[in-house]
Amino acid sequence: SSELKFLEVGAGLGLNIPFFEKCGIQTSNIYVNELLDDRIEALYETLKTRNIFPGDALDLPFENEFDVVFQSTVFTSILSEPFRIALAKKMWQMLNDDGVVLWYDFVYNNPNNPDVRKASRGDVLKYFPQAKHIEFHSVTLAPPVGRRIGHAYQWMNALFTFLRSHLIAIIYK
């Protein structure tokens, strides 16, 4: 895994990067993209990598380059369906021939937040119709429940799978 070339689209503050480094991906092979200026500043301050690409992910200069293209709660922040489709297409184009898109997002709308929109299994299938195979895993106990149950989180998450609100998808090229 140390030779994997990895890109996170919408890296935010870079909080996922230490996890992928612990997985054995070399810092020099980790690339990040972020749109929001305040988060870009934080990325430059906290990340060891020089591979920071600010701006719109649709403008990234890569094609057939990465083993893994990762997004975490990016699609649910995009309300425009045409933009979602365009971003999925761009992520696919940036993968090498044996690459995977690693997807983490929530599958339910948040009635308290009109600025987000769910991204379901059906959406993933629609955005990546050319995938050889897609693995889906329901994860993450719904945060409003998880925050209230504290130490019982693991037990509740294992027992009440219908309360899981997020989806991991591994999308194979």
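**Exercise 1.** Decide whether F128 is buried or exposed.

*Solution.* Start with the cut-offs: buried means under 20% relative accessible area, exposed over 50%, and partly exposed in between (1.4 Å probe, protein chains only). F128 has a relative accessible area of 1%, so F128 is buried. Before going on, note that this is a predicted model, where local features need pLDDT of at least 70, side-chain atom pairs count only at pLDDT 80 or more, and totals for chains, interfaces and linings use all residues. Residues are numbered from 1 along each chain as its sequence is written, and side-chain values use heavy atoms, with hydrogens and water left out.

**Exercise 2.** Classify the ring pair of W103 and F128.

*Solution.* Recall the rule: rings of Phe, Tyr and Trp (its six-membered ring) pair if their centres lie within 6.5 Å; planes under 30 degrees apart count as stacked, over 60 as edge-to-face and the rest as tilted. Here the centres are 6.2 Å apart and the planes stand at 85°, so the pair is edge-to-face. Finally, W103 is buried, at 0% relative accessible area.

**Exercise 3.** Work out how W155 and F160 pair, and how accessible each one is.

*Solution.* With 6.1 Å centre to centre and 85° between the planes, W155 and F160 are edge-to-face. W155 is exposed at 54%, while F160 is partly exposed at 25%.
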